[in-house]
Amino acid sequence: MKIYFASDVHLGAPSITDHRAHEMNFIGWLDKIKDDADEIYLLGDIFDYWYEYTTVVPKGFVRFLGKLCELTDKGIKVHIFTGNHDVWMWDYLPQECGVTVHHEHYTFIADGKTFFVGHGDGLGNYDKGYGLLKWIFEWKVAQACYSCLHPDLAGWIAKTWSHSSRKRDNKNTKFHVFRGEEEHQVMFARDYLQKGNNIDYFVFGHRHVLADYTLTPSASRLLVLGEWMNMYTYAVASNGELTLHNWTEERRLNITAHTTSAFLHKL
């Protein structure tokens, strides 16, 4: 049996032109892996926007939600992590779809290997500006105030923010390049290991780049999963080995620390 990892699907993102095709593409991958998957880890930003009111959740995604129900009914353990776009996720998906929702990173052991997994945003104190923004999003008072908005208005604000944020990121050339030792995720992983923690694999999303980085001199590896708007990449853990794959190409990728999304678009 295998463990699968994917991240940053961004269902409902304003930049996607055909939302049905986007959703069905991801469902197609879930359909393919369901026969040999023991667990599936979806590491955040699966939805471009998600906010749960007491009796209301965002419109759409019913095929994806139905697929989650099918997987969990089959006995497959599905873990969903909140990301910076879908941080406001609480009890709806566990109750209706049987998944486990994680609001923090999670450590587990499989086939003798220790995995440290999470969305990968706001790790450590390396970006104080982003840390403050993340704190505001998670602040109960801010959430209570946001809940007072009509869902249509709240959704419009979120989609406008998402669209402007993505335009800004696309203009920032550093955003789509894995920067090695300058990456906050790498800095965090090194600090975490230096505190005496034994981790074989760090697995993150968030950065929209694909990388397999060895944290020398240790044998620990840090994998960044890419995304599902252009790259369609994921990771598989089997028999203690962790490999990166491309769904559209259906072949194993040879990843280096310098792989960028621009390179992957040529595959």
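This is a selection-by-selection tour of a predicted model.

Residues are numbered from 1 along each chain as its sequence is written, and side-chain values use heavy atoms, with hydrogens and water left out. Because the model is predicted, local features need pLDDT of at least 70 and side-chain atom pairs count only at pLDDT 80 or more, while totals for chains, interfaces and linings use all residues.

**Stop 1: the second largest pocket**

Select Pro58, Lys59, Gly60, Phe61 and Lys159, which lie nearest the centre of the second largest pocket among its 22 lining residues. A pocket here is an open set of points on a 1 Å grid over the protein atoms alone, where a 1.4 Å probe fits, with protein on both sides within 12 Å along at least five of seven lines; lining residues have an atom within 4 Å of a point. The space in this pocket is about 560 Å³, taken as the volume filled by probe spheres set on the points, which are joined across faces, edges and corners.

Next, show α1 (19–33), α2 (62–73) and α6 (151–171), each of which supplies at least two lining residues. Helices are DSSP runs of H or I with at least four residues, strands are runs of E with at least two, and both are numbered from the N terminus. The most comes from α6, with five residues. Colour the lining by class to find eleven nonpolar, five polar and six charged residues. In this scheme Ala, Val, Leu, Ile, Met, Phe, Trp, Tyr, Cys and Pro are nonpolar, Asp, Glu, Lys and Arg are charged, and the others, Gly among them, are polar.

**Stop 2: a nonpolar surface patch**

Select Leu132, Trp135, Ile136, Trp139 and Val141, a nonpolar patch with about 490 Å² of accessible area together. Patch members have over 30% relative accessible area and no salt bridge, and nonpolar side chains (Val, Leu, Ile, Met, Phe, Trp, Tyr) are joined within 5 Å. Areas come from the Shrake-Rupley method with a 1.4 Å probe, and for residues only the protein chains shown count as cover. Helix α4 (residues 128–138) gives the largest share, three residues. Trp139 sits in the loop between α4 and α5 (140–147) and is partly exposed at 38% relative accessible area. The classes are buried (under 20%), exposed (over 50%) and partly exposed (in between), with a 1.4 Å probe and protein chains only.

**Stop 3**

Select Asp48, in the loop between β2 (37–42) and α2. Asp48 is buried, with a relative accessible area of 3%.

Then go to Tyr106 in strand β5 (residues 106–110), which is partly exposed at 28%. Its C-alpha is 5.4 Å from that of Val117, eleven residues apart in sequence.

**Stop 4: salt bridges**

A salt bridge needs a side-chain nitrogen of Lys or Arg within 4 Å of a carboxyl oxygen of Asp or Glu; the count is twelve. Select Lys74 and Asp35, whose closest N and O atoms are 3.7 Å apart. Lys74 is in the loop between α2 and β3 (77–81) and Asp35 in the loop between α1 and β2, so the pair ties together parts that are 39 residues apart in sequence. Lys74 is partly exposed at 48%, while Asp35 is exposed at 60%.

Move to Arg179 and Glu183, bridged at 3.5 Å, N to O. Arg179 is partly exposed at 30%, whereas Glu183 is buried at 1%.

Definitions and conventions. Patch = residues over 30% accessible without salt bridge, like charges linked within 9 Å, V, L, I, M, F, W, Y side chains within 5 Å.
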